[in-house]
Amino acid sequence: MEYKVSLGPQHPALHEAVSLRMTLDGEVIRDADLKLGYSHRGIEKLAEERSYIQNIYLTERICGICSHSHTTCFTQGVEQLMELVPARRGLYIRTIIAELERVHSHLLWLGVAGQEAGFESFFMYTWRDREVIMDILEWISGNRVHYAMNIFGGVRRDIDELQRKKILDSLELLKKRTDYYLNLAASEPTFVGRLAGVGKLSREDAIALCAVGPTLRASGIASDVRRDDPYAVYSEMPFEVATADSCDVLGRAVVRIKELISSYAMLEFLLKNLPEGPFKVKAPRKVKPNEVYSRYEAPRGENVHYIKSNGSDKPERLKVRAPTLANYAATIAMLKNGFIADIPLIFAAIDPCICCAERLVQLDDGRRGDSRVLSFSQLRAMANERAKKIDFKKRKIAWPF
Amino acid sequence: MNPEAMLEKIAAEAGDKVLEATLSVPRRIQLKTQPSQLNPLLAYLKEAFGLAHLGTISGVDLGENFEVIYHLSNADTTVNVRILTPRRDPRIPSVCGVIPGAILYERELQDMFGLVVEDIPDGRRLLLCDDWPEGQYPLRKDWKFERPAEIIPGGK
């Protein structure tokens with residue numbers, strides 16, 4: 001008998017509201033369907049009525065974890081439209097913030113993966129280390145989440161000598177810990193056993209469904225915007241694109257840990273070679289009619305902004321495609337023929353982190369053919385009601401232990 | 001293959017499918033084509049240059065026409081393929097046959113601009129809510145949001 005189970009759209013543990021409807025055959029998912037739009041805020045429409053400077057802060061609020069990704073993608077696009085060459089020191093600081101953000105996002109993801117796999121101490125470890133990065137970001141920018149660092153022509157705040165030394169010291173600590181995690185992810189049998197073979201996405205599917213970021217790289221494709229279409233100062237830095245061939249959640253974890261290690265090396269390079277000079281240059285207010293397609297490698301994958309200007313101080317059109325949207329089509333492919341118990345792990349592996357849903361259950365009665373939607377409290381009340389009616393003495397239930 | 005060589009190869013091999021081909025900034029090629037030639041052109045680009053990754057599809061309201069831009073990327077170049085469709089009868093062909101990952105972007109275009117994507121495998125709404133009125137397309141330039149007047153229950 002086939003069941004339909006609905007996950008979401010809202011749950012206290014969800015980062016974003018997404019509704020997922022699955023057709024189950026026993027415990028195996030036969031088909032899955034996504035419904036989006038629960039947190040659609042009309043930012044693209046709103047951007048057409050705001051000036052370019054206001055839009056930096058608007059795009060920052062598209063996402064909480066990769067706030068710097070969206071502003072950088074927007075800022076570098078508008079700088080291209082303005083034909084403005086940003087200050088070199090500004091570009092370095094922009095890249096430092098970008099890599100710090102990648103480190104904190106990947107550490108957050110590792111913790112979430114550990115929690116979904118039932119490895120709670122891993123979650124505690126990585127989130128403790130993430131605080132080191134959060135403190136650095138707060139020290140540089142004044143904020144933990146929305147750093148508001150970007151401005152056309154550079155950045156808004158400088159990094160001083162004391163901050164530079166402190167960040168380099170903190171990196172030493174994080175490097176040691178991350179080496180330990182890589183060792184753990186590769187050798188801890190329970191962790192490896194839980195993640196290996198879950199959420200398979202073949203190389204061909206990953207290309208056909210236009211997956212991005214660590215999801216794509218874990219399927220064996222070395223694609224990274226930082227190397228393919230270098231922006232900011234990535235063309236000056238040597239780095240390896242991390243890939244894995246296992247095409248599963250374990251591969252995605254390994255790719256992210258490898259990226260952490262390469263991010264530390266990049267941060268070290270950037271901080272040691274930080275050029276002297278101004279950190280921003282003056283930018284014009286109005287922009288000539290033109291258009292630009294700006295790409296950026298966010299922690300979750302390729303982030304894309306298409307900006308069209310019309311000669312005024314407001315954009316004619318701003319189109320944003322965040323990495324998670326690109327990965328949804330691939331997620332459906334990963335879920336098919338997987339187990340219901342793997343849903344949180346597969347969903348977390350593309351990094352929007354959707355936990356086990358228990359709030360809404362749609363019960364389909366196969367015999368009567370009708371369906372109803374129950375809230376979790378109703379479901380619990382039904383269970384309690386049923387438990388009260390059972391006469392345990394009459395049924396002579398043997399205690400299993 | 002560098003973008004200049006790519007542009008020459010496109011002009012030589014797919015000249016009949018392309019109306020206009022330019023290299024605007026480094027690593028960005030702009031192509032213009034007819035809606036009827038879109039699928040053959042994308043299939044050719046995928047075959048010849050490995051342009052299989054569709055970044056997104058951008059819709060732009062130009063007044064008389066809608067412009068639809070397909071942003072394709074490979075390891076070193078991004079190609080923007082654009083088509084125009086009239087506002088009176090906005091129809092574009094679905095590219096899901098060539099690029100299966102385009103489905104969510106095409107559904108978004110239907111929601112936001114009211115374009116009719118022909119032969120789309122799954123044409124349901126994606127982003128707009130279920131009780132959104134028919135015929136309202138938020139990203140068209142003539143669509144304005146008017147905040148309903150606030151009524152305080154029991155107020156004067």
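## Helix 3 of chain B on its sheet

Helix 3 of chain B lies across strand 3 and strand 4 of chain B and runs at about 10° to strand 3 of chain B. Here helices (H or I, at least four residues) and strands (E, at least two) are DSSP runs, numbered from the N terminus. Axes are lines fitted to C-alpha atoms, for helices over the stretch in contact, and angles run from 0 to 180 degrees between N-to-C directions. The model is predicted: local features need pLDDT of at least 70 and side-chain atom pairs count only at pLDDT 80 or more, while totals for chains, interfaces and linings use all residues. Residues are numbered from 1 along each chain as its sequence is written, and chains are lettered from A and ligands numbered from 1 in the order in which they are written.

## The five-stranded sheet of chain B

The open sheet in chain B has five strands in the order 1-2-5-4-3, with mixed pairing; two strands pair if DSSP finds at least two bridges between them. Strand 1 (18-23) and strand 3 of chain B each have a single partner strand, so one side of each is left without a neighbour in the sheet. Direction ignored, neighbouring strands of this sheet are turned by 20° against each other on average.

Strand 1 of chain B runs antiparallel to strand 2 (residues 28-33) of chain B, and five bridges join them. Within strand 2 of chain B, B:Ile29 stands opposite B:Leu23. Helix 1 (residues 3-13) of chain B lies across both of these strands, at about 165° to strand 1 of chain B.

## The side of chain B that touches chain A

Between the chains, 27 residues of chain B are in contact with 25 residues of chain A, contact meaning that C-beta atoms, placed from the backbone, lie within 7 Å. Strand 3 (53-61), strand 4 (65-73), strand 5 (78-86) and helix 3 (103-113) of chain B each give two or more residues to this side. Strand 3 of chain B gives the most, with six residues.

## The three-stranded sheet of chain A

Chain A holds an open sheet of three strands, in the order 6-7-8 with antiparallel pairing. Its edge strands, strand 6 (290-298) and strand 8 (315-321) of chain A, each pair on one side only. The twist from one strand to the next averages 15°.

Six bridges join strand 7 (residues 301-309) of chain A to strand 8 of chain A. A:Val304 has A:Arg321, in strand 8 of chain A, as its bridge partner. Helix 3 (residues 67-82) of chain A packs on the sheet, touching strand 6 and strand 7 of chain A, and its direction makes about 150° with that of strand 6 of chain A.

Methods
Two residues are in contact if their C-beta atoms, placed from the backbone, lie within 7 Å.
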